[in-house]
Amino acid sequence: MSERIVVVGGGLAGLRCAERLRELRFDGELVIVGNEPDLPYHRPALSKDLLTGATSPAETALARLDEIDAEWRFNTPATHLQPGRQVVHLPGAEELPYDGLVIACGVEPRRLSGVPHGHPRVVVVRTLADAAELRGNLAADHGPVAVLGSGFIGCEVAASLRETGREVTVIGRSAHLLGEVVGRHIGQKLSALHRSRGVRLALGASIDGWQTTANGLRLRSSDGWILDVSCVVVAVGTVPSISWLRGSKLPLDDGVVCAPTCHVLGMSNIVAAGDVAQWPNLRFDETPRRVEHWLNAVEMGRAAAENLLDGPQASRPFAPVPRFWSEQHGMRIQAGGIPKLGADTVALASPVGGERPVTGFVRKGRLVGVVGLDSPSAVLHWTNEIAEQNPVSHPGETETPDAPIAVDHARRHRGTRRGRRDVVAGG
């Protein structure tokens with residue numbers, strides 16, 4: 001009998017992991033379990049082209065059912081995990097056994113106390129269904145919109161709404177937009193850009209009161225001002241989707257805690273990938289972190305597949321230089337590395353003429369991050385420099401068992417074996 005690999009998560013990381021498994025000639029059963037009704041789609045479009053109407057939902061699809069030899073389980077959230085038995089529990093008391101498991105279930109919108117999330121005019125933007133609900137609200141009433149949150153999603157939604165001519169106010173607790181991600185200097189520039197395009201910024205404030213009105217909602221801030229809006233978009237960050245893993249004895253913190261190779265700590269046949277995974281990027285240090293960026297989901301999904309097949313001892317650490325980007329009001333924001341690790345900043349020149357300098361983030365004399373505005377060549381050049389200044393270090397010991405995981409590397413081309421349950425720790 002062939003082995004079965006189960007991928008919990010039907011998003012980008014799960015998709016790229018499944019693709020890589022087949023590329024590496026894993027010919028056992030492959031089951032992809034996802035809690036949404038749709039095939040994986042281009043999630044960044046939800047706050048950009050899909051919101052403005054430039055892209056249709058069908059155009060966001062990343063795969064077709066016939067492209068991967070896998071069993072897709074839509075609308076099927078995982079409810080519990082028993083790693084000792086190697087079983088994923090599904091609704092209706094269904095048990096799904098596995099030989100190898102990929103946890104790629106992503107994140108869910110953070111919900112703040114006091115926010116009336118059940119109100120029809122209060123929406124989040126995480127799924128295609130969320131985007132459809134927001135567009136329905138916008139079509140029903142052309143009144144002003146409040147965006148609660150000054151991070152990437154909030155800023156992108158605000159820019160998209162202004163593109164459609166909507167009056168919009170961004171409400172955030174920080175002193176400037178994207179400050180925790182891109183630093184004060186770039187954050188101030190982005191705040192000025194949004195203001196110049198007609199976005200009202202209510203920064204350094206929070207909402208203390210919510211009242212339903214005939215046309216939507218009335219918001220009362222901690223500073224005492226009142227704002228009447230037809231719709232509120234809540235974009236205050238995310239939390240890892242790990243509630244189904246409570247009681248499984250897997251190490252959970254801000255996500256599923258992994259070794260540098262993407263293996264869940266203590267597990268030789270379970271890996272994690274994408275937004276839900278917390279792992280130490282040895283290019284920078286040994287502190288486990290999550291990276292919620294599109295390209296990281298792609299790269300980590302592929303790395304997790306490779307390392308699941310190779311086993312812990314033969315696996316290579318996953319140590320990328322993270323890259324991410326955003327576009328707001330026609331300006332492209334690009335970044336490399338981990339800017340928030342920097343203790344100091346420095347202006348870095350572009351290697352080509354005509355581009356503005358970029359901001360470098362420095363820690364202990366090494367460049368660890370860079371952020372640029374409409375400076376693609378400079379960001380690429382200095383991102384490569386980050387890789388050179390931060391070579392991958394290897395810890396003296398690994399925290400995963402010695403036995404290979406689900407599939408032996410030398411046997412990929414001719415199938416796999418069952419019966420590795422004896423190497424699994426935990427309950």
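This report walks through the fold of a predicted protein model, from the whole chain down to single residues.

**The chain as a whole**

Let us start with the overall picture. The chain holds seven helices and 27 strands. For 427 residues, a compact globule would have a radius of gyration near 22 Å, and the chain has 23 Å, which agrees. Its C-alpha trace spans about 65 × 55 × 35 Å along the principal axes. Of the 427 residues, 56% count as buried. If you take the contacts between residues at least 6 apart in sequence, 63% of them join residues at least 24 apart.

A UniProt annotation from an unreviewed entry, "domain: FAD/NAD(P)-binding", covers residues 4-301. Over residues 4-301 the chain is 22% helix and 28% strand, and the end C-alpha atoms of that stretch are 17 Å apart.

Strands of a sheet pair through backbone hydrogen bonds, either parallel or antiparallel. The five-strand sheet here is open, has the order β3-β2-β1-β7-β20, and is paired in the parallel sense. Its edge strands are β3 (71-73) and β20 (270-272), each of which pairs on one side only. From one strand to the next, the twist averages 15 degrees.

Inside this sheet, β1 (residues 4-8) and β7 (residues 100-103) pair in parallel over four bridges.

**An antiparallel sheet of three strands**

Another open sheet has three strands in the order β4-β5-β6, with antiparallel pairing. Its edges are β4 (80-82) and β6 (94-97); each has a single partner strand, so one side of each is left without a neighbour in the sheet. Neighbouring strands of this sheet are turned by 25 degrees against each other on average, direction ignored. Three bridges join β4 to β5 (residues 87-90), and Q82 stands opposite V87 in β5.

F361 in β26 is a handy landmark: T345 stands opposite F361, and F361 stands opposite G369 in β27.

| Strand pair | Sense | Bridges |
|---|---|---|
| β1 and β7 | parallel | four |
| β4 and β5 | antiparallel | three |

Is β26 enclosed or open to the outside? Five of its six residues are buried, that is, under 20% relative accessible area, so β26 is largely enclosed by the rest of the structure. Together β26 and β27 form a hairpin with two residues between them. In that turn, K364 has a positive phi of about 50 degrees.

**Helix α4**

At 1.5 Å a residue, its 12 residues should span 16 Å, and its end C-alpha atoms are 16 Å apart, which agrees. Nine of the 12 residues of α4 are buried, so the helix is largely enclosed by the rest of the structure. The buried residues include F152, C155, V157 and L161. Just after α4, G165 takes a positive phi of about 85 degrees.

**Two residues with a positive phi**

Most residues other than glycine have a negative phi. K249 is not a glycine, yet has a positive phi of about 75 degrees. It lies in the loop between β17 (238-240) and β18 (252-253). C262, also a residue other than glycine, has a positive phi near 85 degrees, and its place is in the loop between β19 (255-257) and β20.

Which of these residues is buried, and which is exposed? C262 is buried, with a relative accessible area of 0%. K249 is exposed, with a relative accessible area of 65%.

Notes. Residues numbered from 1 in each chain as written. Predicted model: local features only at pLDDT ≥ 70, side-chain atom pairs only at ≥ 80, totals over all residues. Heavy atoms only, no water. Buried < 20%, exposed > 50% of the residue type's maximum accessible area, 1.4 Å probe, protein only. Pairing = 2+ DSSP bridges. UniProt positions renumbered as here; feature names shortened; annotations may be inferred. Expected span 1.5 Å × (residues − 1). Axes fitted to C-alpha atoms, helices over the stretch in contact; angles between N-to-C directions. Rg over C-alpha atoms; globule rule 2.2 N^0.38 Å. Contact = heavy atoms within 4.5 Å.
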